[in-house]
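Here are my notes for when you have the model open.

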Amino acid sequence: MNVPERKSPPKEVLLVEDNPGDVRLTLEAFREANASIHLSVAYDGVEVMEFLTNKPPYLDAPRPGIILLDLHLPRMDGREVLTKIKQDQSLRSIPTVILSTSDSHDDVAKSYLLQANCYLTKPGKLEEFESLVKAIYDFWLTAVQLPPPTWHSNRQPQEASGTDLLGERKT
Amino acid sequence: MKTIGRDGSAIEVLLVEDSPGDVRLTQEAFREANVAIHLHVAVDGVEAMAFLSRKGIHVRAPRPDLILLDLNLPRMDGREVLAHIKEDAGLKTIPTVILTTSDAEVDIVKSYQLQANCYLTKPVQLDAFESLVKSINDFWLEKLRLAQSG
């Protein structure tokens, strides 16, 4: 099979997951899929918000193309993280995929109400988990157009200022 | 492989698309991929909203499990339809996938801002289009937990 050549840098994926076993399995499953991605991991809800808003120690954190978010997290839970992301003008355009062990109707419905981009239940079996991560890669990181990594709503050119991005005066 | 909704009924998909050729290709690709789909078609934005709010001839329309929405539509365009869906407490939980020929950055960003669930660019080549429809089926209709109606 021919894989099209890509000049673009690997896509930035942010995994929010407190269980080190699941982090490792996800990493390995992406590696199995030959995924050309860069995976960052946040272990709780407070950390993920620091990462996304470039607070110390995440001053240079990349803007993720997609977020994989567990619901049950220490310090700040996934529902609250999702709410904050989707209420923030700059962050809301980042696709946020819920990846949770819960398959309760309430969690699914609540997540879609909070504008999760999709909801996936983590399967218990290892093989099925790997196939799910591969499906995420095939769909979200291959077929889907993600928002461009450089795009921040608060970094849009300000036309009123009369200067362009190079700082030259417009005449 | 056969996919059936949790209550044993077929999965309802609403395709909002004004190009008869694309409608036909989508129908055929879904037929290949999954026999248990009811594909409904709205040919413009006004009809999509009538279907979703069960107005006029759509009084018996089912609630879709998934919406595939083109951006460039007559009468009411896809961005406006998307904004209506995602502002409506009753409709916002229906996953809405943008399926458009545009790959313009401004359309991608705007659609995610309006809370599109994902954005797909229609490939020009027929086999690539068929494989995209298949991947929509594999991911959205087989892997995923959709929000139940209610």
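Predicted model: local features only at pLDDT ≥ 70, side-chain atom pairs only at ≥ 80, totals over all residues.

1. E80(B) has 17 other C-beta atoms within 10 Å, so it is partly exposed. The C-alpha atom of E80(B) is 7.9 Å from that of G45(B), and the two residues are 35 apart along the chain.

2. Now for the layout of chain A. It has five helices and five strands, and from the N terminus on its elements run β-α-β-α-β-α-β-α-β-α. Of the 171 residues in chain A, 33% are buried. If you take the contacts in chain A between residues at least 6 apart in sequence, 67% of them join residues at least 24 apart.

3. Is L15(A) buried or exposed? It counts as buried because it has 22 C-beta neighbours inside 10 Å. Setting aside neighbours within four places in sequence, the contacts of L15(A) are V23(A), T26(A), L39(A), V41(A) and L68(A).

4. Next, a helix pair in chain A. The axes of α1 (residues 20-32) and α5 (residues 126-143) of chain A come within 9 Å and cross at roughly 60 degrees. That angle makes α1(A) oblique to α5(A), and the crossing is right-handed. On the α1(A) side the contact has L25(A), T26(A), A29(A), F30(A) and E32(A), which meet F129(A), E130(A), V133(A), K134(A) and Y137(A) of α5(A). By class, the residues of this contact between α1(A) and α5(A) are six nonpolar, one polar and three charged.

5. L25(A), in helix α1 of chain A, is one of the residues in that contact. With 17 C-beta neighbours inside 10 Å, L25(A) counts as partly exposed. L25(A) and V133(A) are 108 residues apart in sequence, and 9.2 Å apart from C-alpha to C-alpha.

6. The helix pair in chain B deserves a look too. Here the axes of α1 (residues 20-33) and α5 (residues 126-143) of chain B come within 9 Å and cross at roughly 55 degrees. That makes α1(B) oblique to α5(B), in a right-handed crossing. L25(B), T26(B), A29(B), F30(B) and A33(B) of α1(B) make the contact with F129(B), E130(B), V133(B), K134(B) and N137(B) of α5(B). The class count for α1(B) with α5(B) is six nonpolar, two polar and two charged residues.

7. On to the contact between the chains, which takes 25 residues from chain A and 24 residues from chain B. On the side of chain A that touches chain B, α4 (105-113), β5 (118-121) and α5 each supply at least two residues. That side of chain A has 16 nonpolar, six polar and three charged residues.

8. Finally, some backbone details. Most residues other than glycine have a negative phi, and most peptide bonds are trans. P56(A) and P57(A), however, are joined by a cis peptide bond with omega about 0 degrees, and P57(A) sits in the loop between α2 (45-52) and β3 (66-69) of chain A. N54(A), in the loop between α2 and β3 of chain A, is not a glycine but has a positive phi of about 55 degrees. N54(A) is exposed, with 12 other C-beta atoms within 10 Å. In chain B, Q115(B) has a positive phi of about 75 degrees, although it is not a glycine. Q115(B) is placed in the loop between α4 and β5 (118-121) of chain B and is partly exposed, with 19 other C-beta atoms within 10 Å.

Key
Residues numbered from 1 in each chain as written. Chains lettered and ligands numbered in written order. Axes fitted to C-alpha atoms, helices over the stretch in contact; angles between N-to-C directions. Helix = DSSP H or I, 4+ residues; strand = E, 2+ residues; numbered from the N terminus. Parallel < 35°, antiparallel > 145°, perpendicular 65-115°, else oblique. Left-handed = near helix turned anticlockwise from the far one by under 90°. Contact = placed C-beta atoms within 7 Å. Nonpolar A, V, L, I, M, F, W, Y, C, P; charged D, E, K, R; others polar. Buried ≥ 20, exposed ≤ 12 C-beta atoms within 10 Å, placed from the backbone.
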